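Dear colleague,

I am handing over the structure we spoke about, together with an account of what was found in it. Please open it alongside this message and follow the points in the order given.

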Amino acid sequence: EETIDSFAKKLKDLLSYQNDCPSPVTKTLSCTSVKAMGTLASCPTGMTATGCSCGFACGSWNVQNENVCHCLCPVIDWTVARCCKLA
Amino acid sequence: EETIDSFAKKLKDLLSYQNDCPSPVTKTLSCTSVKAMGTLASCPTGMTATGCSCGFACGSWNVQNENVCHCLCPVIDWTVARCCKLA
Amino acid sequence: EETIDSFAKKLKDLLSYQNDCPSPVTKTLSCTSVKAMGTLASCPTGMTATGCSCGFACGSWNVQNENVCHCLCPVIDWTVARCCKLA
């Protein structure tokens, strides 16, 4: 049952909580590029691949496990993963 | 006019609301790939295309209606849309 | 020290604050494309490049300063930047 004390505690928690709440409002989309030799480039932990770039003009790629860029042309010298997260 | 009852109701709503509020803090960028035969690949409802991949090494594409990848080379066998949303 | 008046003011602020708080919940990923002649295409202020598309079937590109797409093939007629932000 709700008592005056438990209600007061909830209110106190709520008032302290108020200061934390606005933080998500300021979140932005933060992206970076990772370049690697060969056909695979991995995003840093916590980031997701939104697109990939490949050497030798190749525009055929897929994304493995949502965070690894894989260039698909027969000859590839480098791969770039474009990686994003909320920050 | 504010009565004790209406004030108490607001407080009660607020206290139950507190549990819902933190959810945006934990939002992340969630992406997936959609592959289709031909020159067009559509993102699922609610997702936006952040990049496209095309068969035959083609790197020329545009995005239609913010959620459909369109590969532009004369010969294309498949198209992949890279699709993201907040979740 | 906490007085009844200061506590009441905090509560009043909190109740008015409640209406602002849900806004982040409704944030979505908003993207647009920018096409330019030549090898460079810049995203609008406040947006980040998540991928790039290049003329002449070229799939080799990098991102400069997180918001400019740069197509890398020797001959390029146009460049498209795919640009996203939270909105």
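A residue counts as buried when its relative accessible area is under 20% and as exposed when that value is over 50%, with partly exposed used for what lies in between. By that rule Glu66(B), at 32% relative accessibility, is partly exposed. Please keep in mind throughout that this is a predicted model, so every value below is computed from predicted coordinates.

I begin with the overall make-up of chain A. Chain A contains 1 helix and 6 strands, and the order of these elements from the N terminus is α-β-β-β-β-β-β. The chain has 87 residues, of which 44% count as buried. Its accessible surface comes to about 4,400 Å², and carbon and sulfur atoms hold 57% of that area. Among the contacts in chain A with a separation of 6 or more, 61% are between residues 24 or more positions apart.

Next comes the sheet in chain A. Here 3 strands are arranged as an open sheet in the order 1-6-3, with antiparallel pairing. Strand 1 (29–37) and strand 3 (48–54) are the edge strands, since each pairs on one side only. Neighbouring strands of this sheet are turned against each other by 20° on average, with direction ignored. Strand 3 of chain A and strand 6 of chain A, the latter covering residues 78–86, are joined in the antiparallel sense by 6 bridges, and within this pairing Ser53(A) has Val80(A) in strand 6 as its bridge partner.

What joins the chains through charged side chains? Side chains of opposite charge can pair when their charged atoms come close. Over all chains, the structure holds 3 salt bridges.

- Glu66(A) forms a salt bridge with Arg82(B), the closest N and O atoms being 2.8 Å apart. Because Glu66(A) lies in the loop between strand 4 (61–64) and strand 5 (68–71) of chain A, while Arg82(B) lies in strand 6 of chain B, the pair joins two chains. Glu66(A) is partly exposed at 32% relative accessibility, whereas Arg82(B) is buried at 0%.
- Arg82(A) forms a salt bridge with Glu66(C), with 2.8 Å between the closest N and O atoms. This pair crosses between chains, from strand 6 of chain A to the loop between strand 4 (61–64) and strand 5 (68–71) of chain C. Arg82(A) is buried, with a relative accessible area of 0%, and Glu66(C) counts as partly exposed at 32%.
- Arg82(C) and Glu66(B) meet through their side chains in a salt bridge of 2.8 Å, N to O. Arg82(C) lies in strand 6 of chain C and Glu66(B) in the loop between strand 4 and strand 5 of chain B, so this pair too joins two chains. Arg82(C) is buried, its relative accessible area being 0%, whereas Glu66(B) is partly exposed at 32%.

Notes:
Residues numbered from 1 in each chain as written. Chains lettered and ligands numbered in written order. Predicted model: local features only at pLDDT ≥ 70, side-chain atom pairs only at ≥ 80, totals over all residues. Heavy atoms only, no water. Pairing = 2+ DSSP bridges. Helix = DSSP H or I, 4+ residues; strand = E, 2+ residues; numbered from the N terminus. Axes fitted to C-alpha atoms, helices over the stretch in contact; angles between N-to-C directions. Buried < 20%, exposed > 50% of the residue type's maximum accessible area, 1.4 Å probe, protein only. Contact = heavy atoms within 4.5 Å. Areas by Shrake-Rupley, 256 points an atom, 1.4 Å probe, with all protein chains shown as cover. Salt bridge = Lys/Arg side-chain N within 4 Å of Asp/Glu carboxyl O.
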